[in-house]
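Have the viewer ready and follow along.

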Amino acid sequence: MSAILLIPAPLHEEGVAVLPSYLLTQIKSCAAFFVENERTTRRYFKKLDKSIVIDDYTWATMGEESTETLFRSFIKEGKTIGIVSEAGCPGVADPGQELIAIAHEMGANIQPLVGPNSILLALMASGLNGQQFRFNGYLPIEEKARQKAIADWEQLSRKDNCTQLFIETPYRNNALLSALLKTLSPNTRLCIAADLTGPNEWIATRPISQWKSAPPDLHKRQVIFAFKSL
């Protein structure tokens, strides 16, 4: 039976040390890799082991027209396949779920491997409600739609006693923070988790009223945002 290994990738280019040591053995057991970005995945594997012969494996990029057909053919041949997204865990706020669904359909053995996930790391460190939470992905770019989404999420957070988590493109972080400070209630607690597992990792949770007095510069940093309304 074909095995599908869901291989986590580092959240930060200098965060390889947090990955479990058994990943290298699992990676080497694969015949093919289906990846979000071949160049960065090759570099990641070389950081784990400089001696690994990258070209010994078959490579395919998720989202390309021929990917699904190739994936199905490898499952039929009983090959061990690795799925790797750009950062974190494949299928969780990253590509991979469509191939994983195909693997289930074809009766393959799915093996999620242990590794860092920015959503869970931010939630763990936030001090917010970890029993009830929701990951929302990206907010709308248009200002009015974005402010409405923030207000709606705050209302749901208050109603359901849940934590709302979301992300933004790094170069738009400061604009999003400005919208959060403008829209959220003063007592709503906002967590900003930046550069998780990297050397400049920084995590803080404060009421909106406190963030307004000293907003951080988040431009081009990898950030997870979370808030909980009282």
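## The largest pocket

The largest pocket has a volume of about 900 Å³. A pocket here is an open set of points on a 1 Å grid over the protein atoms alone, where a 1.4 Å probe fits, with protein on both sides within 12 Å along at least five of seven lines; lining residues have an atom within 4 Å of a point. This is a predicted model, in which local features need pLDDT of at least 70 and side-chain atom pairs pLDDT 80 or more, while totals for chains, interfaces and linings use all residues. Residues are numbered from 1 along each chain, and side-chain values use heavy atoms, without hydrogens and water.

The lining of the largest pocket counts 34 residues, with Pro10, Leu11, Glu86, Ala87 and Gln222 nearest its centre. Helix α2 (38-48) gives the most, five residues; helices (H or I, at least four residues) and strands (E, at least two) are DSSP runs, numbered from the N terminus.

Strand β1 (residues 3-7) runs parallel to β4, joined by four bridges (pairing takes at least two DSSP bridges). Leucine 6 has isoleucine 83 as its bridge partner in β4. Strand β2 (residues 32-35) is also parallel to β4, again over four bridges, and phenylalanine 33 partners glycine 82.

Notes. Grid points are joined across faces, edges and corners, and a volume is the space filled by probe spheres set on the points.
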